[in-house]
Every structure is written in C-alpha cells, then in structure tokens.
Amino acid sequence: MEISRANKDYKLLNQIDDASFRALFDLYWKPLVAFCQHHIKDDEVAMDIVQDIFHSLWRRRDGLQIETRMEYYLFRAARIKVSDYYREKFKQENQSRCLSENFCESINNTEETILFKDLDHFVDGLVNRLPCRCKQVYTLSRNSGLSIPEIAEQLEISEKTVEAHLTKALRFLKTYLH
C-alpha cells in the first residue's frame with residue numbers, strides 16, 4: 001500500500017502493513033506535531049501525543065477499519081489527545097490547589113490549637129490568682145459546668161454569694177484579658 005500526499009483521500013479499510021505505516025508516519029508526523037505544538041505550546045508533550053497516536057495505530061493495525069480519510073482520522077485523534085491533555089492538566093491543577101488549601105487549613109488549625117492552649121494556660125494562671133472561695137466558685141461553674149443553685153448547695157453558701165463570687169472572678173479575668 002502506498003500513501004502519498006497525492007492520494008490523501010485514500011481510505012484505509014483493511015490492515016496496515018509496515019510499508020504503509022512508515023508512509024503514514026513520514027507523511028503526517030510533522031503536521032501532527034505542529035498541530036499539537038500550536039495548541040499545547042510544549043514541544044515534548046506534542047511529540048509524545050503524536051507518538052501515542054502512531055503507537056495506538058500500530059497496536060490496532062490488524063483489526064483497524066478507518067472509513068474516512070486518513071488525514072481526518074489522524075487529526076481528529078490529535079484533537080482528542082489535546083483535549084485529554086488539557087482535561088488531565090486541569091484535573092491535576094485542581095487537585096494541587098485543593099491539597100494546598102487543605103494544607104493551609106491544617107496549618108491554621110495547628111496555629112489555632114497552639115494559640116488556644118496558650119490562652120487557656122494564661123487564663124488558668126489568672127484563675128489561680130483569684131481568692132480561694134472565688135476561685136472555687138469559678139472552677140465549679142466554668143470547668144465542672146454546675147449551675148448557681150448547685151454550687152450554692154455544694155459549698156453551703158447562698159446563691160447571691162455564688163453570683164457575687166462569679167461576678168468578681170469574671171471582672172478580674174476581663175481586666176487582664178483586654
């Protein structure tokens with residue numbers, strides 16, 4: 001089988017032998033690479049794409065039936081490969097962006113955790129500076145989650161006294177936390 005520019009309309013209906021494959025390669029390699037380079041702007045990727053097209057053609061040569069002009073078939077294959085390239089590139093960029101965003105979130109979580117621990121340690125130091133009964137009421141309220149009547153009952157003091165100790169503790173903490 002002989003393929004040349006003169007018979008571009010030739011339809012390859014049966015098998016591709018070594019000679020016809022060589023002829024197709026010689027005839028269409030450069031135009032296909034130029035087509036891919038124009039769309040991708042990367043010479044190596046363009047040559048890889050065209051090489052993949054010819055490799056696929058060679059692998060399927062025994063059962064391949066092309067019912068259009070070979071030029072159309074090859075350029076359509078190149079167009080599909082270019083689309084696949086951009087689809088994969090977009091997908092990888094999207095994954096990279098997601099990974100970097102998640103990485104930044106985890107850094108922020110670590111920073112926030114450290115800041116929270118520092119603040120918690122600072123508040124504990126302030127609570128330790130409260131008078132004994134005031135500290136006891138504050139701890140039962142904020143750390144143990146007891147209500148004012150429960151604290152009053154546990155410490156055997158009035159609810160008003162519990163409220164006064166809590167007010168004093170919170171005022172003291174606000175003074176140092178601002």
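**Close-up views of a predicted model**

By class, six nonpolar, two polar and three charged residues line the largest pocket. The views below all come from a predicted model.

**View 1. The largest pocket holds about 190 Å³ of space.** Its lining is made up of Ile-53, Ser-56, Leu-57, Arg-60, Thr-68, Tyr-72, Tyr-73, Arg-76, Ala-77, Ile-80 and Lys-81. Helix α3 gives the most, with six residues.

**View 2. Helices α1 and α2 cross at roughly 150 degrees.** Helix α1 spans residues 18-40, and helix α2 spans residues 43-59. Their axes come within 8 Å. An angle over 145 degrees counts as roughly antiparallel, so α1 and α2 are roughly antiparallel to each other. The crossing is right-handed.

View 3. From α1 come Asp-18, Phe-21, Leu-24, Phe-25, Tyr-28, Trp-29, Leu-32, Val-33, Cys-36, Gln-37 and Ile-40. They meet Asp-43, Val-45, Ala-46, Met-47, Ile-49, Val-50, Gln-51, Phe-54, Leu-57 and Trp-58 in α2. Leu-57 of α2 belongs to this contact and also to the lining of the largest pocket.

**View 4. Helices α4 and α6 cross at roughly 90 degrees.** Helix α4 covers residues 132-142, and helix α6 covers residues 159-177. Their axes come within 9 Å. Angles of 65 to 115 degrees count as roughly perpendicular, so α4 and α6 are roughly perpendicular to each other. On the α4 side, the contact residues are Arg-133, Cys-134, Val-137, Tyr-138, Ser-141 and Arg-142. On the α6 side, they are Val-162, His-165, Leu-166, Lys-168, Ala-169, Leu-170 and Leu-173. By class, the contact has eight nonpolar, two polar and three charged residues.

**View 5. Helix α5 packs against α6 at an angle of about 110 degrees.** Helix α5 runs over residues 148-155. The two axes are 8 Å apart. The range of 65 to 115 degrees applies here too, so α5 and α6 are roughly perpendicular to each other. Ile-148, Pro-149, Ile-151 and Ala-152 in α5 meet Glu-159, Val-162, Glu-163 and Leu-166 in α6. This contact has six nonpolar residues, two charged and no polar. Val-162 and Leu-166 of α6 meet α5, and both also meet α4.

Technical notes:
Residues numbered from 1 in each chain as written. Predicted model: local features only at pLDDT ≥ 70, side-chain atom pairs only at ≥ 80, totals over all residues. Heavy atoms only, no water. Axes fitted to C-alpha atoms, helices over the stretch in contact; angles between N-to-C directions. Helix = DSSP H or I, 4+ residues; strand = E, 2+ residues; numbered from the N terminus. Parallel < 35°, antiparallel > 145°, perpendicular 65-115°, else oblique. Left-handed = near helix turned anticlockwise from the far one by under 90°. Contact = heavy atoms within 4.5 Å. 1 Å grid on protein atoms, 1.4 Å probe; cavity = no way out; pocket = protein on both sides within 12 Å on 5 of 7 lines; lining within 4 Å. Points joined across faces, edges and corners; volume = space filled by probe spheres on them. Nonpolar A, V, L, I, M, F, W, Y, C, P; charged D, E, K, R; others polar.
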